[in-house]
Amino acid sequence: MPSTRQLLLDALAPLDADTPHDVVGDALDEIFTSGYDPGAYDDESCDGGITPLMIACDKSIASALNYLHDQIQTQSMNEVTAWGTVTDKASESGNCAVHHALAADFKVGLDVLENYAYNSSLLSPDKSNFQRYMTLLEQPNDNGDTPIMMACVYGHSDILWHILKRSCHLSSTANSNSDSETMVKDTWQSLNELFEKRNKEGLGALNLACGHGHVDIVRLLICTHSLVCGKQGTTELNISSTGGMGEIESSERDSVHKLMPLVTVTYKDVLRCQSTINNLELGLKMMKQKDVPMAKHTEFQQQHKNISDCLEILNVELGRIATDTANTLLTQNEESQDQSAKKPKVKPQAKKKKKKKKESTKPKQDESDIGPSRIEKNTQYERTRNGWGIETKSNIPSTSSSPFITLQDGRVISKSQAPEDIACDDDSVDKLVNAHPTPKTLESILQSNSRFDDSAATTMESLCLDPSMLLLSAHGMAMEMSPCQLDAIETILTKQLRASKEARKIQSRLLNNT
């Protein structure tokens, strides 16, 4: 004996949405009133896991679902079970009855499935009606497609709008005692999560709507909405761009809430839409090369136009999001600046003065006791009257470094010459002038020579020139001396150069006379 479910499938197979109500009723009455053994009312599924509930939703047979609704109301659960449940899935696709209902734009079927789910407590029995409604609509098939995605693929914006309104109504009924602001926020957040879901290919409701060129659904998903809450717990959802407030009178309104778009547009969504357009353009080029019917060519052109319109809408919305984000950041920056300006200024803490190191109490060593090696390492820095720093060194060569020795008879010989090499009498050797006279500093020599040139001494004194500055290197003079001092040094050294040449002549004559 065939099962009740198989009998229902056989009875629904020849019916469609236009079949008269009485014809559908007679066919179903014959099954449920024919006196079959109640044990025949099993839940055995037919081949492929197809249930009578899926067939009725797929073919939009409203009379059959109304018949089921009456059975649910009379609590004839054995008869109801023969139709299948809202969670049953087809073995080939994994689609549930609600997938077929939204794909067929079958509102009656969706409402019956909602009622069926409540009474059978198949979906989240411990949750509210709104939460079970969300669970019903988020069931995925084998590809991860939800019923919402099916409606977007087939372009059924009316049933999506019906779902939004129904969700707001169920939420307000379940949270009638709570704050309306909290209720609206939680409701819209749940709807946002439902519409943002993606299948195994990474596509969401918005991507599928754009890919099939359903401009009205794209606008519905990314436009802002307003929800009017009435004092009696009623709600009215409107698209903000229409400017309307629904059917609730102003005197009965409790609050009006502005709602953000159901789906947030990303740059990746724009790229996916552009990729679809590129594929269509490639298909159109191939059609021109082949003999394709004009009707098919026209269909592709219309599809290309619709998807291009969707792309334009996405770009506009993406620009709006960017502008809002920039304005938010600027506002936050201004607020932070205002807050920082209002804060009392904190006086900077005084820096701790470093303790000065105690000067050594050791007695200073007299300069006269400093040996030659120590003197060569000492360097002093002086500041002239015009502000130029002068680096002075105490290791000034003395006359003791002169390579000549003057004999008593007036002859001048080199210090490297030994006394035995000198061609003179022994008495002359004994009467040598001390080869190592008392050392004289360069400063004393220059001061003694300045007696013959008072102008040089006056110039050096007026320009605060120290004799040691004559021994500075080119870099040292450039860094430590002023232009006027350089001119004076050049004049003095030029005179000394001429003097050294004259001294060579005198010395040569003296040597020749000997």
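The paragraphs below treat the salt bridges, then a surface patch, and finally the cysteines.

The model shown here is predicted. Across the structure there are 6 salt bridges. One of them brings together the side chains of Glu114 and Arg166, with a nitrogen-to-oxygen distance of 2.7 Å. This pair connects distant parts of the chain, since Glu114 belongs to helix α7 (residues 107-120) and Arg166 to helix α10 (residues 157-174), 52 residues apart.

Another salt bridge is formed by Arg198 and Asp269, whose closest N and O atoms are 3.5 Å apart. Here too, distant parts of the chain are linked: Arg198 sits in the loop between α11 (180-196) and α12 (205-211), while Asp269 lies in helix α14 (residues 267-289), and 71 residues separate the pair. Arg198 is partly exposed, because its relative accessible area is 39%. Asp269, by contrast, has a relative accessibility of 3% and so counts as buried; the limit for that class is a value under 20%.

A further bridge lies within a single helix. Lys296 and Glu299 meet through their side chains at 3.9 Å, N to O. Both residues are in helix α15 (residues 294-342), 3 residues apart, which corresponds to about one turn of the helix. Lys296 counts as partly exposed at 38% relative accessibility, and Glu299 is also partly exposed, at 47%.

Attention now turns to the surface. A patch of negative charge is found there, gathering Asp22, Asp26, Asp29 and Glu30. Of these residues, Asp29 is located in helix α2, which covers residues 21-32. With a relative accessible area of 30%, Asp29 is classed as partly exposed.

The cysteines remain to be considered. A disulfide is a covalent bond that joins the sulfur atoms of two cysteines. How many disulfides does a search of the whole structure find? The search returns 0 disulfides. Two cysteines may be described individually. Cys96 has a relative accessibility of 0%, and therefore counts as buried. Cys223 is likewise buried, because its relative accessibility is 16%, and buried residues are those under 20%.

Notes
Residues numbered from 1 in each chain as written. Predicted model: local features only at pLDDT ≥ 70, side-chain atom pairs only at ≥ 80, totals over all residues. Heavy atoms only, no water. Patch = residues over 30% accessible without salt bridge, like charges linked within 9 Å, V, L, I, M, F, W, Y side chains within 5 Å. Areas by Shrake-Rupley, 256 points an atom, 1.4 Å probe, with all protein chains shown as cover. Salt bridge = Lys/Arg side-chain N within 4 Å of Asp/Glu carboxyl O. Lys, Arg positive; Asp, Glu negative; His and termini not counted. Charge placed at Lys NZ, Arg CZ, Asp CG, Glu CD. Helix = DSSP H or I, 4+ residues; strand = E, 2+ residues; numbered from the N terminus. Buried < 20%, exposed > 50% of the residue type's maximum accessible area, 1.4 Å probe, protein only. Disulfide = S-S within 2.5 Å.
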